[in-house]
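I am opening a notebook on a structure that is new to me. I will look up a few items and write down what I find.

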Amino acid sequence: MALASTDKVILGSIAFAIFWVLAVFPSVPFLPVGRTAGSLLGATLMVIFRVITPEQAYAAIDLPILGLLFGTMVVSVYLKKADMLNHLGKLVAWKSKGPHDLLCRICLISAISSAFFTNDTCCVVLTEFVLKIARQHNLPPHPFLLALASSANIGSSATPIGNPQNLVIAIQSKISFGSFLVGLLPPMVIGVLVNALILLCMYWKLLSVQNDEEDAASEVVDEEDVSSDKIYLLRPFRNRSTSYENEIHQVSSSAPALARNSTASEETLHNGASQKKHETAASDEVKSVNGLNDVLPVKHSKGKETLAPRLKRILWKSRVYLVTIGMLISFLMGLNMSWTAITAALALVILEFKDAQSCLEKVSYPLLIFFCGMFITVGGFNKTGIPSTLWDWMEPHAKVNCASGIAVLAVVILVLSNVASNVPTVLLLGSQVATSTVAISTAEQKKFWLILAWVSSVAGNLSLLGSAANLIVCEQARLAPNLGYTLSFWNHLKFGVPSTIIVTAIGLALMG
């Protein structure tokens, strides 16, 4: 495709530059409107500048990608509500054998969960938990935060639902979920292991230095620290005044005395009816002292009051897990991923059997709007002819049938992913790939798409700005109540550069 007219090239470049600046630096002083508004601004300018027509702008929006993204978001909301990621968090702390073991477990759990629940969701849920582990063991948080973010980026490369750019690749390339998984699972597994090894080599001495308090407290994080539900339920009790806790102690200590009174009455009273009446009065006295019925658990003979809600909760969780497994199986069977995800989301809404507004409100609608604006902006930039011209110059040097070509392609993807962000990079290169790979074999087309997925995913580890998952971990850690920690740009960079280069190279070698 030749370059468009000069005015279209200039105006289209200006609109794309504005979009890029606001996407990479959402809080720039001269226009701090954020990424979502920045993408809409870029899209609107493309239409106002007449780089594309309104009809072309609407056509540029990829509805299958939005449908798949929305469906997986809703499923992730219900999985979080069903404590799925809390259970994964418990695995991190279960019978841990020290800080090095904890670091490896975080890498593994982060990679697995991000492959099926998206890297962003994984980082949102696990960041505060990682900080709690570091705090309890008196360890520096940044090795564990780096392990969480970097492993999430690598792990998300294995499936089409692991990250947004993989969604784009899966839809545009029409590669099935199973083929995607088979092609990228080996590089992902080896990449996570190598990434963990790099972290251990860089921070081995730092993790070996433990305070005396941590040596004395050898126990691992218990369920109370892991389960957010239990923390929430116990917090009101812990915040009571000291006198309130003393009342509880008095009640608990008075229970044996009351039991002894009951035994004495048993011996002195021979009338069965009188004995029953006395035991009932004693039991009522225990439960009513100081009005603490709402604090002390009351045992019921049949347990119907406590067992029924528990069974109902377990049954609902089981349904959520089964629907999610069914969705993944449908993906593997090659069914339409967008409608499969939407169907699974609706099934969960119906199974909960109540107003879904509270769950649907947790969907990241700004991200969906950001994608709409980005589709239009990138579509307009493609109309200028600049991406196709650059691709025509690069294509002879980026053949996937030779090592040098793969190396050139990987460098281009790495640089663009950290300069223009990974999703716009995939959109820009993907449109060129779709038109230029018609003449090559199907196997080479698939290889090109998988290389694009692998490198654009791992490229997020290069710098703190490389992926949204990195920024989520950074912000979640900074804002965590009583656990706040700032992960600096340079701390991330000195680990990210060697890790990204080594992991990317090993993955490309495994892909042949």
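**Entry: α10 and α23**

I looked up the handedness first: α10 passes α23 in a right-handed crossing. I am working with a predicted model. I then noted the extents: helix α10 covers residues 177-208 and helix α23 covers residues 442-458. Their axes are 11 Å apart, and the packing angle is about 50°. That angle makes α10 oblique to α23. Next I listed who meets whom. From α10 I wrote down Ser179, Phe180, Gly183, Leu184, Pro187 and Met188. From α23 I wrote down Lys446, Leu450, Ala453 and Trp454. I sorted the contact of α10 with α23 by class and got seven nonpolar, two polar and one charged residues.

**Entry: α7 and α24**

I moved on to helix α7 (residues 119-136) and helix α24 (residues 468-479). What is the angle at which their axes cross? I noted roughly 30°, with the axes coming within 9 Å. An angle under 35 degrees counts as roughly parallel. α7 and α24 are therefore roughly parallel to each other. The handedness came out as right-handed for α7 passing α24. On the α7 side, I found Asn119, Asp120, Cys123, Val124, Thr127 and Leu131 in the contact. On the α24 side, I found Ala468, Ala469, Ile472, Val473, Gln476 and Ala477. The contact of α7 with α24 divides into eight nonpolar, three polar and one charged residues.

**Entry: α1 and α19**

I looked up one more helix pair. Helix α1 runs over residues 6-24 and helix α19 over residues 365-383. The axes come within 9 Å and cross at roughly 145°. I recorded a left-handed crossing for α1 and α19. Which residues meet here, from α1 and from α19? In α1, I listed Gly12, Ser13, Phe16, Phe19 and Ala23. In α19, their partners are Phe370, Met374, Thr377, Val378 and Phe381. By class, the contact of α1 with α19 has seven nonpolar and three polar residues, and no charged ones.

**Entry: backbone angles**

I turned to phi. Most residues other than glycine have a negative phi. I found Arg50 with a positive phi of about 65°, and it is not a glycine. Arg50 sits in the loop between α2 (34-48) and α3 (54-60). Is Arg50 buried or exposed? Its relative accessibility is 69%, so I put Arg50 down as exposed.

I also checked Lys174. Its phi is positive too, at about 60°, and Lys174 is not a glycine either. I placed Lys174 in the loop between α9 (164-173) and α10. Lys174 counts as exposed at 72% relative accessibility.

I started with Ser156, in the loop between α8 (142-155) and α9. Its relative accessible area is 0%, so Ser156 is buried. What does Ser156 touch, not counting residues up to four places away in sequence? I wrote down Ser114, Ala115, Asn119, Gly162, Asn163 and Asn166. Asn119 was already in my notes, in the contact of α7 with α24.

Next came Val75, in helix α4 (residues 63-81). Val75 counts as buried, at 3% relative accessibility. Leaving aside neighbours within four places in sequence, I found Val75 in contact with Thr324, Met327, Ala341, Ala344, Ala345 and Leu348. I also looked up Val75 and Val363, which are 288 residues apart along the chain. Their C-alpha atoms are separated by 9.7 Å.

Then I took Ser330, in helix α16 (residues 304-332). Buried means under 20% relative accessible area. Ser330 has 16% relative accessibility, so Ser330 counts as buried. Beyond four places in sequence, Ser330 is in contact with Leu335 and Thr340. Ser330 and Ala341 are 11 residues apart in sequence and 9.3 Å apart from C-alpha to C-alpha. Ala341 is also one of the contacts I listed for Val75.

**Entry: the whole chain**

How many helices and strands does the protein chain have? I counted 25 helices and zero strands. Of the 512 residues, 48% are buried. I looked at contacts with a separation of 6 or more: 78% of them join residues 24 or more positions apart. The accessible surface comes to about 25100 Å², and 65% of that belongs to carbon and sulfur atoms.

Conventions:
Residues numbered from 1 in each chain as written. Predicted model: local features only at pLDDT ≥ 70, side-chain atom pairs only at ≥ 80, totals over all residues. Heavy atoms only, no water. Helix = DSSP H or I, 4+ residues; strand = E, 2+ residues; numbered from the N terminus. Buried < 20%, exposed > 50% of the residue type's maximum accessible area, 1.4 Å probe, protein only. Contact = heavy atoms within 4.5 Å. Areas by Shrake-Rupley, 256 points an atom, 1.4 Å probe, with all protein chains shown as cover. Axes fitted to C-alpha atoms, helices over the stretch in contact; angles between N-to-C directions. Parallel < 35°, antiparallel > 145°, perpendicular 65-115°, else oblique. Left-handed = near helix turned anticlockwise from the far one by under 90°. Nonpolar A, V, L, I, M, F, W, Y, C, P; charged D, E, K, R; others polar.
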